[in-house]
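Please go through the structure below with this briefing at hand. It covers aromatic contacts, sheets, a pocket and backbone angles.

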Amino acid sequence: MRPFVYSRQRREDRTLVFDATPMPWEVQARPGLEMKTIRIDDDRGEFLGLIKFDRFTRSAVHQHQGVATSFILEGGLTDYHGPVNQHEVGINYLGSTHDAMAYVPTVLVSKLEAPVTYPPSEQLISGIHAGSTYRDFRNPAPDVAPEVNVPIDRVVPMETGVAGLRRQPIYDYGGSGLQRRLLQWRVRPQTTVPAWRAGDWVELWVRGGELIVNGERAFANCFVVVEPGATVELASPFGAIALVWAEGRESMRDAAPGISLFGF
């Protein structure tokens, strides 16, 4: 069994904080690849955590069977479509077929939501994709780029209705059949968010600064998991910036109309 620190369980309604910095890097089958795993499910092809490429390391040719999103924390990756650079999010979708090469040391914050397929000719599955299997395939859409790359800091911030909290929408999962959102929160110092209840899974990675989540500190390089049904009290005394994957709407019993934390 591969190491992880959290496994999804719908019977709970907790908020949990995991500091990824002290976690050890896990060496993968393909030389030059390592991971820090918050959660992984090979049956469903799901992963949340950090992935590291050494210089001149490639992922090997693979095909995504669903959505994958990766934030380039450091370095960059190149495939036949071109580069995805530092501080951009690369979005793969059903049928995305490529081989990613790191010419410089690279670290990704990644969420995979479906299995990945490798051709038998690769012989060595990289290990960085949950639910990997071997199968012959063709690129189903050779005229379509294998990813959409978004320089997230250039996205115009939108007001959420909460004073001090703005969101930058990155991906609305259009065409995937999923009701989900990927966005970046920008939180002004001394911001307090009215208590809200998660309708489904919400996962965050704190890029900088610090959030207080139900009384627990979540600082830079911490992952936060909000289970369905959890009530969340959120504040940031000194400011924060965070990536947010929301798999459902929030509800706020005592909030004013027009508040939208996730943009549904």
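W205 is buried, with a relative accessible area of 2%; buried means under 20% relative accessible area, exposed over 50% and partly exposed in between, with a 1.4 Å probe and protein chains only. F71 is buried too, at 1%. This is a predicted model: local features need pLDDT of at least 70, side-chain atom pairs count only at pLDDT 80 or more, and totals for chains, interfaces and linings use all residues. Residues are numbered from 1 along each chain as its sequence is written, and side-chain values use heavy atoms, with hydrogens and water left out.

**Aromatic pairs**

- A search of the whole structure finds eight aromatic pairs. Rings of Phe, Tyr and Trp (its six-membered ring) pair if their centres lie within 6.5 Å; planes under 30 degrees apart count as stacked, over 60 as edge-to-face and the rest as tilted.
- Y6 and W201 make an edge-to-face pair, with 6.4 Å centre to centre and 70 degrees between the planes.
- This pair links distant parts of the chain, 195 residues apart: Y6 lies in the segment before β1 (15-19), W201 in the loop between β20 (191-198) and β21 (202-213). Strands (E, at least two residues) are DSSP runs, numbered from the N terminus.
- Both Y6 and W201 are buried.
- F71 and W205 form a tilted pair, at 5.8 Å centre to centre and 45 degrees between the planes.
- That pair also links distant parts of the chain: F71 sits in strand β7 (residues 68-74) and W205 in strand β21, 134 residues apart.
- One aromatic cluster is formed by W185, W196, F262 and F264.

**Seven-stranded sheet**

- Seven strands form an open sheet in the order β2-β3-β4-β13-β7-β10-β16, and the pairing is antiparallel. Two strands pair if DSSP finds at least two bridges between them.
- Its edge strands are β2 (26-27) and β16 (148-151), each pairing on one side only.
- Eight bridges join β3 and strand β4 (residues 46-53) in the antiparallel sense.
- I40 has F47 in β4 as its bridge partner.

**Four-stranded sheet**

- An open sheet of four strands has the order β11-β6-β14-β15, with mixed pairing.
- β11 (97-98) and β15 (133-134) are the edge strands; each pairs on one side only.
- Strand β6 (residues 62-64) and β11 run antiparallel and are joined by two bridges.
- Q63 stands opposite T97 in β11.

**Largest pocket**

- The largest pocket has a volume of about 240 Å³. On a 1 Å grid over the protein atoms alone, a pocket is an open set of points where a 1.4 Å probe fits, with protein on both sides within 12 Å along at least five of seven lines; lining residues have an atom within 4 Å of a point.
- Its lining has 14 residues, of which R8, R39, D41, R44 and E46 are the closest to the centre.
- Strand β3 (residues 33-41) gives the most to this lining, with three residues.
- The lining divides into four nonpolar, one polar and nine charged residues.

**Positive phi**

- Most residues other than glycine have a negative phi.
- H87 has a positive phi, near 70 degrees. H87 is in the loop between β9 (82-85) and β10 (88-92).
- H87 is partly exposed, with a relative accessible area of 30%.
- N221 has a positive phi as well, near 75 degrees. N221 is in the loop between β22 (216-219) and β23 (222-226).
- N221 counts as buried, at 16% relative accessibility.

Notes
Grid points are joined across faces, edges and corners, and a volume is the space filled by probe spheres set on the points. Ala, Val, Leu, Ile, Met, Phe, Trp, Tyr, Cys and Pro count as nonpolar, Asp, Glu, Lys and Arg as charged, and the others, Gly among them, as polar.
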